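Hi,

Here is the structure I promised to pass on. Have a look at it first, and then read my notes below.

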Amino acid sequence: MAKVLYERDGRIARITLNRPEVMNAIDDELPDALADAVARADNDPGAHVIVLAGAGRAFCAGYDLTAYASGDKANRYTQEMPWDPMKDYAAMSDNTNKFMSLFRSKRPVICKVHGFAVAGGSDIALCSDLIVMAEDARIGYPPVRVWGCPTTAMWVYRLGAEKAKRMLFTGDKITGVEAAALGLVLKAVPADRLDDEVDALAHRMATVPQNQLMMQKLMVNQALYNMGLMGTQMIATMFDGITRHSPEGLNFKRRSEEMGWKRAVDERDQGTFDWTTNQPITQNR
């Protein structure tokens with residue numbers, strides 16, 4: 001089955017991440033398939049608006065840690081030492097650019113989040129123009145605790161410096177209600193109303209001419225470019241590679257291989273493991 005689905009429903013192009021068996025986790029192929037679907041919408045003369053969603057229980061649970069963390073010692077995202085930062089940057093910036101196809105799309109993009117939009121999944125969501133979340137859905141970037149830096153850097157452009165730091169200093173996952181209160185997403189609605197809420201917004205926007213929608217999007221996006229978005233993303237993508245090849249990042253990778261990524265992630269998110277000394281934390285007060 002295709003890992004990203006595309007269909008047009010009247011004036012609405014619907015793009016769906018389609019790896020439901022792993023909560024739409026990102027593998028080597030999904031970024032390409034996503035960018036291809038966005039290009040298809042951009043070239044579809046009948047499409048005015050894109051609705052981006054995820055199949056199954058979640059929008060996107062981030063990168064596929066079964067392959068990249070618990071798997072082989074060396075892979076696309078963890079090199080043998082000494083590592084080549086530019087090789088890593090080339091791979092990760094390619095992914096970032098494909099996620100950013102949503103931001104650059106000629107069509108406005110509404111992202112519909114249910115379940116989880118975490119780690120790389122939050123990168124994808126935050127590249128959209130508007131995000132509507134289920135109240136009980138969760139969004140965050142837990143790998144900022146170890147083994148990651150959000151390459152799209154969209155947290156700061158959506159939240160401002162202090163609130164972005166609050167999220168990126170903790171790696172907390174917050175609910176749709178909290179995300180809406182912070183201004184990270186447009187709104188949060190009860191899960192059973194999510195589809196109707198997104199469709200109503202999409203249909204409203206779809207009554208606007210394509211050229212009008214495109215001009216407004218280009219104008220707002222240019223303001224973010226003027227604020228240094230591309231330079232910030234370059235730094236963030238470089239830092240992401242460093243986090244995966246630092247002593248702490250390599251310790252996380254080894255522990256994922258030895259104990260399984262679910263245990264390593266739980267220790268990371270609960271703050272019970274010292275990744276510098278590579279041993280459990282006995283006291284954190």
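Asn278 is partly exposed, with a relative accessible area of 37% (buried means under 20%, exposed over 50%, and partly exposed in between, using a 1.4 Å probe and protein chains only). It sits in the loop between β10 (273-274) and β11 (279-280), and its phi is positive, about 60°, although Asn278 is not a glycine. For the element names, helices (H or I, at least four residues) and strands (E, at least two) are DSSP runs, numbered from the N terminus.

Before you go further: this is a predicted model, where local features need pLDDT of at least 70 and side-chain atom pairs count only at pLDDT 80 or more, while totals for chains, interfaces and linings use all residues. Residues are numbered from 1 along each chain as its sequence is written, and side-chain values use heavy atoms, with hydrogens and water left out.

Ala153 also has a positive phi, near 60°, without being a glycine. You'll find Ala153 in the loop between β7 (138-140) and α6 (154-159), and it is buried, at 10% relative accessible area.

Pro82 belongs to the loop between α2 (65-68) and α3 (85-99).

Now for strand β3 (residues 49-54). Six of its six residues are buried, so the strand is largely enclosed by the rest of the structure. In a regular strand the side chains alternate between the two faces of the sheet. Here both faces are covered: Val49, Val51 and Ala53 are buried on one side, and Ile50, Leu52 and Gly54 on the other.

What does β3 pair with? Strand β2 (residues 12-17) runs parallel to β3 over six bridges (two strands pair if DSSP finds at least two bridges between them), and Ala13 has Ile50 as its bridge partner in β3. From β2 the chain crosses through helix α1 (residues 30-42) to β3, and this β-α-β crossover is right-handed (with the strands pointing away from you, the path from the first strand over the helix to the second runs clockwise). β3 also pairs in the parallel sense with strand β4 (residues 109-113), over three bridges, and there Val51 stands opposite Ile110.

Last, helix α11 (residues 229-245) holds Ile242, which is partly exposed, at 40% relative accessible area.

Cheers
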